Amino acid sequence: MTRRTRFAALLVVPAAAVVLGVLLGSEPIAPGAVLDVLLGGGAGPIRTIVIDVRLPRVLLALVLGGGLALAGATFQALLRNPLAEPYILGVSGGAAVGAVTLIALGVASTTSWALPLAAFAGALVAIVLVFRVAAVGARGGHIDVRVLLLAGVVVGAFFSAVIAMILALSQARTLQSAVFWMMGSLTTAGWSEVAIAASYTFPAAALLLSQARALNAIAVGEESALYLGVEVERVKWLALVVASLVTAAGVAVAGIIGFVGLVVPHLLRLVIGADHRVLLPMSILMGGAFLALSDILARTIRPGLEIPIGVVTAFVGVPIFLVLLRRSTV
Amino acid sequence: MRIEGRGLTVRYPGAPAPALEGVDISVAPGSLHAVLGPNGSGKSTLMRALLGVIALEEGEVRIGDRPLAGWRRRELAREVAAVAQSEAMPFPMTVRELVGMGRYMHLGPLEHERAEDRKAVVEALERCDAVHLADRAVQTLSGGELQRVRIARALAQHPHALILDEPTAALDIRHEMGILGVLRGATECGITVVWITHHLDLAARYADRILLLREGTVRARGTPEEVITAEHLERVYGWPIAVAPDPHTGTPRITPLDPAARG
């Protein structure tokens with residue numbers, strides 16, 4: 001298959017995810033009725049379900065999944081390791097602590113534009129903490145990525161405990177459950193969630209896409225990247241901060257959803273290679289598709305009951321993580 | 001393009017002794033300058049110092065007409081190409097993509113590769129006898145093949161100066177001589193070359209000037225005939241060495257002696 005046909009074949013996946021996401025649900029609605037609503041017709045409960053429940057939910061999955069996969073691909077390039085991912089690095093956990101804290105203090109509701117910023121602050125704290133912990137074991141200023149990932153997992157576990165504690169102690173009745181924050185959920189999806197997530201994710205995506213060549217160079221080594229004309233320190237910090245912001249926006253809206261950033265870029269590299277000018281945009285598209293499909297599974301596998309979406313992504317992601325870990329020679 | 005370092009002193013954090021101490025180097029435009037010295041003598045550190053990758057404790061570097069601080073990275077990469085000793089290849093990538101990175105500094109952020117960029121990549125691969133590798137995945141290359149591809153990437157930059165850290169260390173005789181031919185050819189086009197190597201014979205044969213380092217300081221400098229002497233080499237390498245003119249080339253040839261066998 002040539003590259004072009006591979007792209008075309010891949011693009012079928014997000015399209016199919018959108019169609020299935022709108023068609024399928026706990027409430028059986030005939031495809032014809034759904035189409036009717038989308039074309040402006042229909043009325044009553046069916047219209048409400050399609051326009052205000054299913055459509056925003058699919059779009060939210062696209063935006064969040066795209067953002068998480070984009071953040072994962074970015075972290076992987078910066079750390080030159082395919083195992084790096086917002087969830088594994090503890091960034092998602094930090095973001096959740098930031099969001100939960102703000103809600104518990106009664107400062108923000110779950111559909112607040114400021115919530116992603118609180119999550120962002122938490123994500124930055126997590127990054128600094130994880131790098132600090134990893135730097136303790138570093139020799140000659142060189143951080144061992146394996147230690148960094150281990151630090152991320154440990155810090156992430158600690159953040160989970162912090163979230164559980166805040167939720168247990170908090171008086172706020174508006175709080176989502178601990179399961180919502182730790183395993184993620186798209187149940188709250190509405191148009192305002194879509195708007196919030198998109199308004200953070202799209203500009204961030206544009207910024208990261210503009211750095212695709214620099215990320216290619218950094219992925220072969222910081223010294224070589226400097227020799228190739230990349231302002232490595234500037235790009236590194238910009239990309240770290242922006243990828244954290246994308247992660248934080250997703251966590252603020254739908255809790256911690258792990259492994260999207262691991263699975264999607266890894267599978268894509270096998271098909272289309274590792275040039276970030278292609279990998280980043282495709283990660284956005286396929287990450288969105290992956291999360292939308294995971295969400296369909298989460299809400300239809302047992303009608304009337306929802307599995308947390310993070311369960312689905314973990315069931316796919318953990319085996320791939322283990323394969324990558326075995327193969328990793330770093 | 002002249003490359004000049006004066007009084008270069010570098011100390012790595014936590015290291016008791018400086019990695020470089022008061023090193024002067026001046027590489028004339030269009031000349032081939034070899035940097036020699038035992039392991040840990042500061043050769044790679046000197047390269048990083050000249051290219052501004054590590055902070056200087058003291059000293060200053062001038063590239064062309066300006067101090068190093070006056071260069072932006074992108075600008076510098078258009079003038080000076082460098083090949084580090086090694087790099088990571090964590091992700092699948094073709095040789096063409098890797099060598100294509102040698103054109104990044106010539107492209108605007110949203111600009112696509114032009115025909116001349118693709119041509120520069122192929123030409124550079126040809127000069128390094130690697131054009132048949134163009135569509136291979138870099139992970140499948142042997143050490144020597146990867147080395148040639150990375151040199152090709154530096155050539156694709158179309159620089160006015162080249163700095164290479166042991167570029168021929170992993171190469172067989174044919175490809176090593178091929179790369180030396182490329183470097184000599186580059187100097188004939190006016191390109192300045194700094195060549196870090198352990199290959200004393202070849203340095204004596206091909207370099208215009210040689211800098212001999214030990215423990216971060218300069219122990220000898222000058223033409224090959226001035227630097228490649230038994231006296232200098234024995235002192236720097238701590239090993240008995242004989243030097244005699246090579247019957248085929250007339251340049252100094254090094255023979256490491258065996259003290260036990262010599263009695």
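Predicted model: local features only at pLDDT ≥ 70, side-chain atom pairs only at ≥ 80, totals over all residues.
Local features need pLDDT of at least 70, side-chain atom pairs count only at pLDDT 80 or more, and totals for chains, interfaces and linings use all residues. Residues are numbered from 1 along each chain as its sequence is written, and chains are lettered from A in the order in which they are written.

**Select chain A.** Chain A has 14 helices and zero strands. Helices (H or I, at least four residues) and strands (E, at least two) are DSSP runs, numbered from the N terminus. The C-alpha trace of chain A spans about 65 × 55 × 35 Å along its principal axes. Of its 330 residues, 52% count as buried (20 or more other C-beta atoms within 10 Å of a residue's own, C-beta atoms being placed from the backbone).

**Select residues 260-272 and 276-300 of chain A.** These are helices H12 and H13, packed at an angle of about 125° with axes 9 Å apart. Axes are lines fitted to C-alpha atoms over the stretch in contact, and angles run from 0 to 180 degrees between N-to-C directions. Now look at the residues that meet. Val260(A), Leu268(A) and Ile272(A) are among those in H12(A); Met282(A), Met286(A) and Phe290(A) are among those in H13(A). Contact means C-beta atoms, placed from the backbone, within 7 Å.

Definitions and conventions. Buried ≥ 20, exposed ≤ 12 C-beta atoms within 10 Å, placed from the backbone. Contact = placed C-beta atoms within 7 Å.
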